[in-house]
Amino acid sequence: MNREEALACVKEQLTEHRYIHTIGVTDTAVILAGRFGADTKKAEMAAIFHDYAKFRPKEEMKQIIVREKMPAELLDYNAELWHAPVGAYLAEKEAGITDPEILDAIRYHTSGRPGMTLLDKVIYVADYIEPGRHFPGVEEVRRLAETDLNEALIQAMKNTMIFLMKKNQPVFPETFATYNWLVSQK
Ligand code: DGI
Ligand code: FE
Ligand code: FE
């Protein structure tokens, strides 16, 4: 599948706003992949599909998580987390993406994971800093991503966790574990 075919495939699944976000993530991911030595073609494909499942009904996502024996813990936390593993699953089943590195980058684009690959990091950071993002703290992450992908990622994860905690929302343990892993790698 080429870029145009992939974009046409995800466009049907997304709102206009989310499709524009996806294009922003894709362009940013290709730049970051080039800058930090990841595979630009894989980065492009993972970015195009990263939010593929964003608008699936919660019930459908829940069923897939249970049926496909994805971590049951996901169901105890914010439903915003679900579209990432479900997206990886559906990108394979419905769109025929088979590359495990691309599927992992989709699967872990919201929570991260300890041992994140370079491609996982590129997609996580691209999702956070694409030009359509305007939340507090994004400029600092953009600046860090000019030179240091790990520092950008740590800052983005920290901002997300603080954002959740300020709203008295739970933080998925995998997100904490990823942050701890990144800091211990320094
Ligand atoms: O799908 P996007 O909006 O482009 O971005 P995303 O896939 O990174 O989703 C982020 C949302 O998920 C964000 O609003 C915060 C929310 N969220 C809820 N619980 C957690 C969480 N994000 C992380 N990383 N960890 C959590 O525990
Ligand atoms: Fe997402
Ligand atoms: Fe996204």
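Reader: Let's start with Asp-51. Is that residue buried or exposed?

Author: Keep in mind that this is a predicted model. A residue counts as buried when its relative accessible area is under 20%. Asp-51 has 2%, so Asp-51 is buried.

Reader: And what does Asp-51 coordinate?

Author: Look for donor atoms around a metal. Here the iron ion (ligand 2) is coordinated by Asp-51 through OD, and by His-83 and His-109 through NE2, at 2.1 Å. Asp-51 also bridges that iron ion and the iron ion (ligand 3), and the two lie 3.6 Å apart.

Reader: Where do Asp-51 and His-83 sit in the fold?

Author: Asp-51 belongs to the loop between helix H3 (40–49) and helix H4 (58–67), while His-83 is in helix H5 (residues 83–93). The two are 32 residues apart in sequence, so the pair ties together separate parts of the chain. You can read the spacing of the donors to ligand 2 as D-x31-H-x25-H. His-83 is buried too, at 5% relative accessibility.

Reader: OK, now ligand 1. Which residues are closest to it?

Author: Begin with the neighbours, then check the polar atoms. Ligand 1 is surrounded by 18 residues, and the closest are Arg-18, Lys-54, Thr-110, Phe-172 and Thr-175. A polar side-chain atom of Thr-110 comes within 2.7 Å of a ligand 1 oxygen, one of Arg-18 lies 2.8 Å from a ligand oxygen, and our friend Asp-51 has one at 3.2 Å from an oxygen of ligand 1.

Reader: How much of ligand 1 does the protein bury?

Author: On its own, ligand 1 exposes 570 Å², and the protein buries 86% of that.

Reader: Let's switch to a helix. How do I read H9, and how far does it reach?

Author: Compare its end-to-end reach with the expected span. H9 (residues 149–166) has 18 residues and reaches 26 Å from first C-alpha to last, close to the 26 Å expected.

Reader: Which residues of H9 are buried, and what covers them?

Author: Here's the general idea: an α-helix has 3.6 residues a turn, so residues three or four places apart point the same way. In H9 the buried residues include Leu-149, Ala-152, Leu-153, Ala-156, Met-157 and Leu-164. Their cover includes helices H2 (16–36), H7 (118–129), H8 (138–144) and H10 (173–185).

Reader: What about the ends of H9: which residue caps the N-terminal end, and which one follows the helix?

Author: Asp-148 is the N-terminal cap, with a side-chain oxygen 3.1 Å from the backbone nitrogen of Asn-150. After H9 comes Asn-168, which has a positive phi, near 55°.

Methods
Residues are numbered from 1 along each chain as its sequence is written. Chains are lettered from A and ligands numbered from 1 in the order in which they are written. This is a predicted model: local features need pLDDT of at least 70, side-chain atom pairs count only at pLDDT 80 or more; totals for chains, interfaces and linings use all residues. Side-chain values use heavy atoms; hydrogens and water are left out. Helices (H or I, at least four residues) and strands (E, at least two) are DSSP runs, numbered from the N terminus. The expected span of a helix is 1.5 Å times one less than its number of residues. Buried means under 20% relative accessible area, exposed over 50%, partly exposed in between (1.4 Å probe, protein chains only). Contact means heavy atoms within 4.5 Å. A polar contact is a pair of N or O atoms within 3.5 Å; within protein, one must be able to donate a hydrogen and the other to accept it, and residues adjacent in sequence count only if both atoms are side-chain atoms. Donors are N, O and S atoms within 2.8 Å of the metal (3.2 Å for Na, K and Ca); water is not among the atoms, so sites may look incomplete. A residue is near a molecule or strand if one of its heavy atoms lies within 4 Å of it. Accessible areas come from the Shrake-Rupley method with a 1.4 Å probe; for residues, only the protein chains shown count as cover.
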